[in-house]
Amino acid sequence: MLEEDMEVAIKVVVVGNGAVGKSSMIQRYCKGIFTKDYKKTIGVDFLERQLLVNDEDVRLMLWDTAGQEEFDAITKAYYRGAQACVLVFSTTDRESFEAIGSWWEKVEIEVGDIPTVLVQNKIDLLDDTHGRMDHEEAEGLAKKLKLRFYRTSVKEDLNVNEVFKYLADKYLQRLKRQTAEEPEVVHTTSNKIGVFNTTSSNLSSQNSSNGREVISLRPNKQRTKKSKNPFGSCSLL
Ligand SMILES: Nc1nc2c(ncn2[C@@H]2O[C@H](COP(=O)(O)OP(=O)(O)OP(=O)(O)O)[C@@H](O)[C@H]2O)c(=O)[nH]1
């Protein structure tokens, strides 16, 4: 058990080529919705969701990075402090699968070894013969990179929760090991381990500033079509 009055907040970056379904996955998980429209992500955005993992309150902050190379320079800064990662490719886009290695390297270079999963999204389109991905190939890559592998359909809401639950769980295990090894670390508000002291704030209030350390991370995101509130029904930090 982690120390009382501490809340674990985990910054998760969701990366992969453009149009593989990163924004959709985050929206599905945080807001429970799916839209067919494609709005290219420009820059960075995040949504959050709280969940309970082994009786531990965990706040996941899901960072949506643009898959398009032209935004590389903007997104680079947002890897900083990431504590877990989802590498996404699409069933209908072979190139997005081939790009996984370089996305993985990029994350490693920016943040080192963090809990990571490999996700093949859009499995509802498996029968689309043009884009069919070889099962073994994807599993082989997961093995090679030593990553847990999930097949998801954000559209059908298949396996999305499992991806984030696994990451939260994996992160907590690591955090506990780290805490056991260096007990003093848990008393800090260090972004590195994602533990925030929440004693002075009202946890039950949606508008509380219990994540005030995070405010400075709020991204500036625009979309190519009609702008929309990226936080929607999720609580603002
Ligand atoms: N059929 C199907 N379509 C999906 C699925 N997930 C996402 N899509 C669609 O794929 C398109 C791209 O999804 P986005 O979530 O915008 O992709 P992205 O990876 O965030 O793209 P960038 O912002 O360019 O990085 C949209 O039209 C989505 O509706 C899925 O599981 N199945």
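**Figure 1. Asn159 and Glu156 in the loop between strand 7 and helix 6.** Asn159 is partly exposed, because 17 other C-beta atoms lie within 10 Å. The model is predicted. Asn159 sits in the loop that runs between strand 7 (148-151) and helix 6. Its phi is positive, near 70 degrees, and the residue is not glycine. Most residues other than glycine have a negative phi. Glu156 belongs to the loop between strand 7 and helix 6 as well. Glu156 has 13 other C-beta atoms within 10 Å, so it counts as partly exposed. Glu156 and Phe34 are 122 residues apart along the chain, yet their C-alpha atoms are separated by 8.8 Å.

**Figure 2. The crossing of helix 1 and helix 6.** Helix 1 covers residues 22-31 and helix 6 covers residues 160-181. The two pack at an angle of about 85 degrees, and their axes are 10 Å apart. Helix 1 is therefore roughly perpendicular to helix 6. From helix 1, the contact takes in Met25, Arg28 and Tyr29. From helix 6, Val160, Asn161 and Phe164 meet them. By type, the residues of this contact divide into four nonpolar, one polar and one charged.

**Figure 3. Helix 1 and its cover.** Helix 1 is mostly covered, with nine of its 10 residues buried. The buried set starts with Lys22, Ser23, Ser24 and Met25, and also includes Ile26 and Gln27. Arg28, Tyr29 and Cys30 are buried too. Gly32 follows helix 1 and has a positive phi, near 70 degrees.

**Figure 4. Leu51 on strand 3.** Leu51 is found in strand 3, which spans residues 44-53. Is Leu51 buried or partly exposed? Leu51 counts as partly exposed, because 15 C-beta neighbours fall inside 10 Å. Leaving out residues up to four places away in sequence, Leu51 touches Val58, Leu60, Lys165 and Ala168. Ala168 is 117 residues from Leu51 in sequence. In space, C-alpha to C-alpha, Leu51 and Ala168 are 8.8 Å apart.

**Figure 5. Asp55 in the loop between strand 3 and strand 4.** Strand 4 spans 56-65, and Asp55 lies in the loop between strand 3 and this strand. Asp55 is exposed, because it has 6 other C-beta atoms within 10 Å. Phi of Asp55 is positive, near 70 degrees, in a residue other than glycine.

**Figure 6. Arg59 on strand 4.** Arg59 is found in strand 4. With 22 other C-beta atoms within 10 Å, Arg59 is buried. Which residues does Arg59 touch, not counting residues up to four places away in sequence? They are Glu7, Val8, Ala9, Glu48 and Gln50. Gln173 is 114 residues from Arg59 along the chain, and the C-alpha atoms of the pair are separated by 15 Å.

**Figure 7. The largest nonpolar core.** This core has 48 residues. The members that touch the most other members are Ile10, Val12, Val14, Leu62, Cys85, Val86 and Leu87. Strands that give two or more residues to the core include strand 1 (6-15), strand 3, strand 4, strand 5 (84-90) and strand 6 (116-121). Helix 1, helix 4 and helix 6 also give two or more each. Take Leu87, with residues up to four places away in sequence not counted. Leu87 touches Val15, Gly16, Ile100, Trp103 and Trp104, and also Thr116, Leu118 and Val119.

**Figure 8. Helix 4 and the residue after it.**

**Figure 9. Helix 5, largely in the open.** Helix 5 spans residues 135-145. Of its 11 residues, the number buried is one, so helix 5 lies largely in the open. Helix 5 is followed by Lys146, with a positive phi near 55 degrees.

**Figure 10. The whole chain, for context.** The chain has six helices and nine strands. Of its 237 residues, 37% are buried. Among contacts with a separation of 6 or more, 73% come from residues 24 or more positions apart.

Note on methods:
Residues numbered from 1 in each chain as written. Predicted model: local features only at pLDDT ≥ 70, side-chain atom pairs only at ≥ 80, totals over all residues. Helix = DSSP H or I, 4+ residues; strand = E, 2+ residues; numbered from the N terminus. Buried ≥ 20, exposed ≤ 12 C-beta atoms within 10 Å, placed from the backbone. Contact = placed C-beta atoms within 7 Å. Axes fitted to C-alpha atoms, helices over the stretch in contact; angles between N-to-C directions. Parallel < 35°, antiparallel > 145°, perpendicular 65-115°, else oblique. Nonpolar A, V, L, I, M, F, W, Y, C, P; charged D, E, K, R; others polar. Expected span 1.5 Å × (residues − 1). Core = buried A, V, L, I, M, F, W, Y, C linked by C-beta atoms within 7 Å.
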